[in-house]
Amino acid sequence: MSYIPHTEADRRAMLKRVGLASIDELFDEIPASVRLKRPLDIAPGLTQMEVEAEVNRLAAANAAAMATCFAGGGAYDRYIPAAERSLLQRGEFLTAYTPYQAETSQGTLQFTFEFQSLMCELTGMEVANASMYDGSTATAEAAAMARAATGRHAVVLASGLNPEYRQVVETYAEGLGFPLRDSVDGETAALIVPQVDFFGNIADVAAAAKTAHAAGALLVVVTDPSLLGVLEAPGHLGADIVVGDGQPLGLPISYGGPSFGFFASKMDLVRRMPGRIVGIAHDHEGRRGFVLTLQAREQHIRRAKATSNICTNQAYCALAATIYLTLLGPQGLREVGELSYQKAHYAADQLTKLPGVKLAFPDRPFFQEFALRAPRAVVGPLLDRGYLVGPALDRWFPDLKDAFLVAVTERRTKAEIDGLVAALREVLA
Amino acid sequence: MSEPLIFDRSVPGRRAVTFPASDVPATPLPPGTRKAPPALPEVSELDAVRHFTRLSESIYSIDKGFYPLGSCTMKYNPKLNDVAASLPGFAGLHPFSPEGGSQGALELLWQLEHILCEVAGMARFTLEPAAGAHGELTGMLITRAYHRHRGDDAKRRKVLIPDSAHGTNPATAAGLGYEVVEVASDARGGVDVAALRAACDDSVAALMLTNPNTLGLFDEHIDEIAAIVHGAGGLLYYDGANANAIVGRVRPGDMGFDIVHFNLHKTFSTPHGMGGPGAGPVGVVESLVPYLPVPLIARGDGRYSWRWDLPHSIGRVRAGYGNFGVLVRAFTYILANGRDGLEDISGHAVLNANYLLARLGELFDVPFDRRCMHEFVVSAKSLKAKTGVRALDIGKAILDRGMHAPTVYFPLVVEEAMMVEPTETETLEVLDAYADAMAAIVAQAERDPESLHAAPISTPVGRMDEATAARKPIVRWTGEAAN
């Protein structure tokens, strides 16, 4: 099917106006030596009905999406309120672009201002940008910003950082030319620590802040914003920059994307911040409105001197989080955190009663996710029984053979948890 | 009447969503929980629905009207694509699902990758980059890895970029520590081949080129350009921002490019979402495949899997596998269009642009008297000299007529530039209405230029004082009413 509206008469009239006989002639300026002289080797177009049948077939071939989800590792199966899902279908939100024309984009700019404010409230920081691609790239950009702000070189990543984030920071470090070191010293620009680490354990952010600041480095905290209704704001514990992934704030897990990265800092760092920032402005009649501001940091103005090359961000996903947080309010967000905490601890208690199953980090407090050791690999057999756990940890941590993560969100019921326990008992029997 | 901030609608104790009481035994919370709750708004569900509905009503969008923002390819975003992305089998799929439980997603990504390879004339694609600029970063990291592997990186310090390029190109190259060398345009708007030749030596890592370029002009010397850069040992990077002009007509690989990124939110019609999410997959020729980010998809025995064992890979550029929901939409769009449909897209995008250029060329200066591709640039230079009305004023005046402005003051090589990209999904009537509106604005400029400096007057706010906003930035709500 085609979305092109032209009739044959339209085409004739338009070609006549431009003085040509055919559409192919429009491409005459392309040298014949490089032109494609055959049709593309892809299938012919399908009707809407046929397309739906094909994408339904592919979607149905993902059995893991139908399982009861206890998987974690940075993406969490949270409840998404109906009003949010409904509002997000509005074409105005989907089909507008970056608010270059402020006068006809006030809705975009205002929600972005609200989003920035919400991120500041959650993280305890003074300024937040309009979003980054995801948590991993926000972490890498935080490293880059800390280097520019401190004039120092090296970056230290805490050991519990999400290993995929670590890989992304390593890629950026190689590209931007900065070393990653194991310990904080006088050359350290930033110490990057997760507030809740990859294994679900709660870290001591205040102690990390002391270590970083004693050496004159900045503290970058990576956090799950959906837990900040319960956990202390990193800004109140000494963070200079707070980043993370926004998926748990009302976005579907969607095989890992799209989500958004958030990026918040103290105000004195704002002129080195990457990405778009919205601020309040007034028009010539004194009416309050919103504009993209502090644009002298950005690539479309500064080109080679920009703080980052980021252009497109994840605005629509940031809107999802803005609506989510508005619908939940402080009490709803607290309930999400508390329920996840309670259910995760019940699940850990029950699962560790099974023979040979134990916590990988029994001495560490965890929040909604924990690492379990089992006598053998269980992720696959559990999926066969309708329960998705994981990831298995030996991909990154060879010492943690047959260990895997279990995450429990507010969506999981006691019956589902008991079902997982029974299934694991069966697998290990 | 402007919409209050959601914080200013907040009343303590009001709620929208509640959660079921806990059905498990209680565990005491850990020490170090939050002392004061975050000041999130407290509103009813209806308050929230009205707030965001009202905000949406003040946003101009493709669904509302013509959006010829140059270089952004604001074409119709079919609703079918959104339906596909929200299927539970896709939206509910966890990124750490075992491969056996996610074969449908892997097959989709495999198919999409191979379609993009065919469209671009490349050997493999990574679908990981989240946006065009992220693709540029990926592509330039591949460039560096290639030169490094050949022991050539130390001397290859320069990246050549035409003066008409998008800002992301120099920002990307400079961010990676390259010296950005600007290459001038020639009298026909293409790369000045003599200047390129003079700039090319064994210190060149790559040329980043958009073709057709941001003037909407196809570079006729592309063969020669490729030969010069390759002759100096550099790579050719294709910025696919303008790929809507060429799909099914000419392939970057056949033009001599080594690395390509596509913006799926442009060419393949995934919704722009007010500025994202997008997707910026990167394709490479065979010799550069070893440097692609991990993981790559593999197929064997009718089964799909992720491959991690790429010893020369630049590493990961993003967690997960990319903006999967965006990739599903682009795949759905390609299925619907098929090979003939894709060729029709470029054909009609270029037809619409040339038609509108013919009409607007009667009103404004045309800096390059050539056939355009999917977009074109006209200039308000003469109108400004005669009436004082600038491209900025024209852009604002068109908002008052219920349509969207062109991209203004870009590319930088044309004074008072207005860059117009109508896309293939607009009708002849819409194009005529736009040209008629522009003609009325020019007539108004000649009659009453002052009135255009005041535009827009029909929008919720007028022109904003951006200078004061940047000098005294207020970038978050602080509890005081912000009026």
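Me: Which side chains meet in a salt bridge at 3.4 Å, N to O?
Reply: Those of A:Glu232 and B:Lys35. A salt bridge here is a side-chain nitrogen of Lys or Arg within 4 Å of a carboxyl oxygen of Asp or Glu.

Me: Before I go on, what should I know about the model and the labels?
Reply: It's a predicted model, where local features need pLDDT of at least 70 and side-chain atom pairs count only at pLDDT 80 or more, while totals for chains, interfaces and linings use all residues. Residues are numbered from 1 along each chain as its sequence is written, chains are lettered from A and ligands numbered from 1 in the order in which they are written, and side-chain values use heavy atoms, with hydrogens and water left out.

Me: What does B:Arg316 pair up with?
Reply: Its side chain meets that of A:Glu164 in a salt bridge, at 2.8 Å from N to O. B:Arg316 is in the loop between strand S9 (303-307) and helix H10 (324-360) of chain B, and A:Glu164 is in helix H7 (residues 163-176) of chain A, so this pair joins two chains. Helices (H or I, at least four residues) and strands (E, at least two) are DSSP runs, numbered from the N terminus.

Me: How much area do chain A and chain B bury between them?
Reply: About 16,600 Å², with 64% of it on carbon and sulfur atoms. Buried area means the accessible area (1.4 Å probe) that two parts lose on being put together, summed over both.

Me: And how many residues does each chain put into the contact?
Reply: Chain A gives 183 residues and chain B gives 201. Contact means heavy atoms within 4.5 Å.

Me: What about polar contacts across that interface, how many residue pairs?
Reply: The rule finds 88 residue pairs between chain A and chain B, both residues at pLDDT 80 or more. A polar contact is a pair of N or O atoms within 3.5 Å; within protein, one must be able to donate a hydrogen and the other to accept it, and residues adjacent in sequence count only if both atoms are side-chain atoms. On the side of chain A that touches chain B, the largest share, 25 residues, comes from H10(A).

Me: New topic: sheets. What's the strand order in the open sheet of chain A?
Reply: The order is S11-S12-S14, 3 strands with antiparallel pairing. Two strands pair if DSSP finds at least two bridges between them. Strands S11 (358-359) and S14 (403-407) are the edges, each pairing on one side only.

Me: Which residue stands opposite A:Lys358?
Reply: A:Arg373, in S12(A). S11(A) and S12(A) (residues 369-373) pair over 2 bridges.

Me: And in chain B, what's the order of the open sheet?
Reply: S10-S12-S11, again 3 strands in antiparallel pairing. Strands S10 (376-379) and S11 (407-408) of chain B each have a single partner strand, so one side of each is left without a neighbour in the sheet. S11(B) pairs with S12(B) (residues 417-420) over 2 bridges, and B:Val408 has B:Met418 as its bridge partner.
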